[in-house]
Amino acid sequence: MEDRAKKLNVVIAVAAYAAEKNIVRLINSLHTQEEDDSFVITKILIHCDKSGDKTAELAKSVIHLKLEVFESRERLGFGGSIKNVFESVGGGYDRYFGHYE
């Protein structure tokens with residue numbers, strides 16, 4: 001499956017709240033994930049949900065071509081964050097998500 005068109009395009013979306021201790025390490029880890037013949041990571045989206053700490057500032061300080069950081073003006077909660085991320089991605093993707101605690 002060498003043809004890129006046959007690969008699954010993967011968008012990784014993270015709803016981040018009060019994550020200043022781990023956000024940079026998480027972004028760097030996601031960015032270094034190894035792709036194989038079955039998929040390619042096309043975007044890494046981080047939605048910072050108005051936590052009052054430095055999560056958004058730290059996430060925006062990381063420079064990666066595939067990374068996009070969004071910041072809420074008000075607290076939306078997990079569901080609102082995921083909704084915003086899906087809206088920013090648009091169509092053409094199968095949408096699956098999980099929640100990590």
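Mentor: A charge counts as sitting over a ring if NZ of Lys or CZ of Arg is within 6 Å of the ring centre and within 35 degrees of the ring normal. Please keep in mind that this is a predicted model.

Trainee: Over the ring of which residue does the charged end of R75 sit?

Mentor: The cut-off on distance is 6 Å from the ring centre. The charged end of R75 lies 3.7 Å from the centre of the ring in question, and that ring belongs to Y17.

Trainee: How many aromatic pairs does a search of the whole structure find?

Mentor: A pair of aromatic rings is described by the distance of the centres and the angle of the planes. When the whole structure is searched for such pairs, the number found is 0.

Trainee: Which strands stand at the edges of the sheet?

Mentor: The open sheet has 3 strands, paired in parallel and ordered β1-β2-β3. Two of these strands have a single partner strand each, so one side of each is left without a neighbour in the sheet, and they are β1 (8-16) and β3 (67-71).

Trainee: How many bridges join β1 to β2?

Mentor: Among the bridge partners in β2 are K43, which faces V11 in the pairing, and C48, the partner of A16. For β1 and β2 (residues 39-48), which run parallel, the number of bridges is 9.

Trainee: What is the handedness of the unit that β1, α1 and β2 make?

Mentor: Helix α1 (residues 23-31) packs on the sheet and touches β1, β2 and β3, with its direction at about 165° to that of β2. The β-α-β unit made by β1, α1 and β2 is right-handed.

Key. Residues numbered from 1 in each chain as written. Predicted model: local features only at pLDDT ≥ 70, side-chain atom pairs only at ≥ 80, totals over all residues. Heavy atoms only, no water. Phe/Tyr/Trp six-rings, centres within 6.5 Å; stacked < 30°, edge-to-face > 60°. Pairing = 2+ DSSP bridges. Helix = DSSP H or I, 4+ residues; strand = E, 2+ residues; numbered from the N terminus. Contact = heavy atoms within 4.5 Å. Axes fitted to C-alpha atoms, helices over the stretch in contact; angles between N-to-C directions. Right-handed = clockwise from strand over helix to strand, strands pointing away.
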